Amino acid sequence: MQLDISRRDFLKLCGGTAAMLGLSQAWVPQIARALEQAAERPPVIWLAFQGCSGCLESLAKAAYPDIATIVLDVISLNYVDVLMAPSGKRAEKSLEDTVAAGGYITIVEGAVATGIPEAMTIAGKTSEEIVKEVTAGGAATVCVGTCSSYGGVQAMRPNPTGAKGVGEVIGEDKVINVPGCPANPDTMVSTIVSYLLFGKAPELDSRGRPTFAFSQKIHDHCERRAHFDSGHYVEEYGSEEETKGYCLYKMGCKGPETHSPCPLTLWNSKQNWCIGCGNGCIGCMEPDFWDEFAGFYDTLPDTPIPGFVGVKTSADYVGSTLVTATVAGIGIHAIASAAKGRFKEADDAGEGSDD
Ligand code: SF4
Ligand code: SF4
């Protein structure tokens, strides 16, 4: 594959991808070789169903590699109906030709309408018909965003259109889920590059998410974690505690229950992220977060004590008891342990295992 970017930029792309995938920088030459030696850019079909197009916009904000590099040098984006220049029959011909040729990656954004199928149609076909037809002949299916992964806001109770995630429609073992509202551009790109590099889906957790990105919780890497451990909380916006950057747990932060690499990847060209901006995490990477985590400013009823997975306690308990433990010489960070999800082999439809 001929890449039209400088060698320096190309290696930076490979270095960033290696870091995201949890690989050492020693992998950079192999990533570079995999991309350079690919016979041709892999064809990609981007299907947009019930959603807000926020994930496509998020990908357009990818900092490294940027959207031009992704579209022009890394993949061949053959069909994306909300963005492509052709329309009508010419657009649909691009879809048909790509499906007929095979070997493509299907990226899906938005939920599938199964209860009221006509709520989501393109070129006279329902979203359920399209997703079944297109994904059946593809090499891999990547669901970007919480809507295509798990239904998203459309599936929020009472779910009037019967919105479902793609995995629910074609089989959970046939999808790679990259949730988020929107999905993080770095995670999306790294998932695609991982597939190109290894020729198979990355290791996934029990909800179909790549473990390289979703095996740890927001809480594990949050810059306010020391305040949580010390019992320093914001209890009112506009307060002195807020200006000191105290923990947002009591302001409704769902970071202790949310699996996501946001504190590491950041957002908007790595400028900042939700908690860095002063708002608690609303848990947008978790399945059913619209129902499970509403209201967004309500305090979680309880949260895991670091190091004692499965044991729940209140923030007040953490604020008093764990500080005592620290004084007693027990290093909180030394015992902190991330609760990991169930894992399964990426290309194996068999059972995962708890750890
Ligand atoms: S509760 Fe939220 S703000 Fe506080 S440390 Fe955890 S993730 Fe950060
Ligand atoms: S910090 Fe929480 S709400 Fe913000 S993008 Fe990450 S998972 Fe979503």
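Trainee: Which residues point one way from S7, and which point the other way?

Mentor: This is a predicted model, in which local features need pLDDT of at least 70, side-chain atom pairs count only at pLDDT 80 or more, and totals for chains, interfaces and linings use all residues. Residues are numbered from 1 along each chain as its sequence is written, chains are lettered from A and ligands numbered from 1 in the order in which they are written, and side-chain values use heavy atoms, without hydrogens and water. In a regular strand the side chains alternate between the two faces of the sheet. From S7, one way is taken by Ala-140, Val-142 and Val-144, and the other way by Thr-141 and Cys-143.

Trainee: How many residues of S7 are buried?

Mentor: S7 covers residues 140-144; strands here are DSSP runs of E with at least two residues, helices are runs of H or I with at least four, and both are numbered from the N terminus. Buried means under 20% relative accessible area, exposed over 50%, and partly exposed in between (1.4 Å probe, protein chains only). S7 is mostly covered, and the count of its buried residues is 5 of 5.

Trainee: Which residue stands opposite Val-144 in S9?

Mentor: Two strands pair if DSSP finds at least two bridges between them. S7 and strand S9 (residues 176-178) meet this rule in the parallel sense over 3 bridges. In S9, the residue opposite Val-144 is Val-178.

Trainee: Which residue in S3 is the bridge partner of Val-44?

Mentor: Strand S1 (residues 43-48) runs parallel to S3 and is joined to S3 by 5 bridges. S3 also pairs with S7 in the parallel sense, again over 5 bridges, and there Ile-107 stands opposite Val-142. For Val-44, the bridge partner in S3 is Ile-105.

Trainee: At what relative accessibility does Thr-106 count as buried?

Mentor: Thr-106 lies in strand S3, where 5 of the 5 residues are buried. Both faces of S3 are covered, with Thr-106 and Val-108 on one side and Ile-105, Ile-107 and Glu-109 on the other. The C-alpha atom of Thr-106 is 9.5 Å from that of Gly-137, 31 residues apart along the chain. The relative accessibility of Thr-106 is 0%.

Trainee: What distance separates the C-alpha atoms of Ser-127 and Gln-50?

Mentor: Ser-127 lies in helix H6 (residues 127-136). With a relative accessibility of 1%, Ser-127 counts as buried. Along the chain, Ser-127 and Gln-50 are 77 residues apart, while their C-alpha atoms are separated by 8.6 Å.

Trainee: How many residues of the shell around ligand 2 are nonpolar?

Mentor: A residue belongs to this shell if one of its heavy atoms lies within 4 Å of the ligand. The residues around ligand 2 include Cys-262, Trp-267, Trp-273, Cys-274, Cys-281 and Cys-284. Ala, Val, Leu, Ile, Met, Phe, Trp, Tyr, Cys and Pro count as nonpolar, Asp, Glu, Lys and Arg as charged, and the others, Gly among them, as polar. The shell has no charged and 2 polar residues, and its nonpolar residues number 9.

Trainee: Which elements give two or more residues to the shell around ligand 1?

Mentor: Ligand 1 is surrounded by 13 residues, of which the closest are His-219, Cys-222, Cys-247, Leu-248 and Cys-253. By class, this shell has 9 nonpolar, 2 polar and 2 charged residues. The elements that supply two or more residues to the shell are helix H11 (218-221) and H12.

Trainee: What is the angle between the planes of Tyr-237 and Tyr-297?

Mentor: Rings of Phe, Tyr and Trp (its six-membered ring) pair if their centres lie within 6.5 Å; planes under 30 degrees apart count as stacked, over 60 as edge-to-face and the rest as tilted. By this rule there are 7 aromatic pairs. Tyr-237 and Tyr-297 form an edge-to-face pair, 6.5 Å centre to centre, with an angle between the planes of 85 degrees.

Trainee: Why does the pair of Tyr-237 and Tyr-297 tie together parts that are apart in sequence?

Mentor: Tyr-237 is partly exposed, at 31% relative accessibility. Tyr-237 lies in the loop between helix H12 (225-230) and helix H13 (240-243), and Tyr-297 in the loop between helix H15 (289-292) and strand S11 (303-305), so the parts tied together are apart in sequence by 60 residues.
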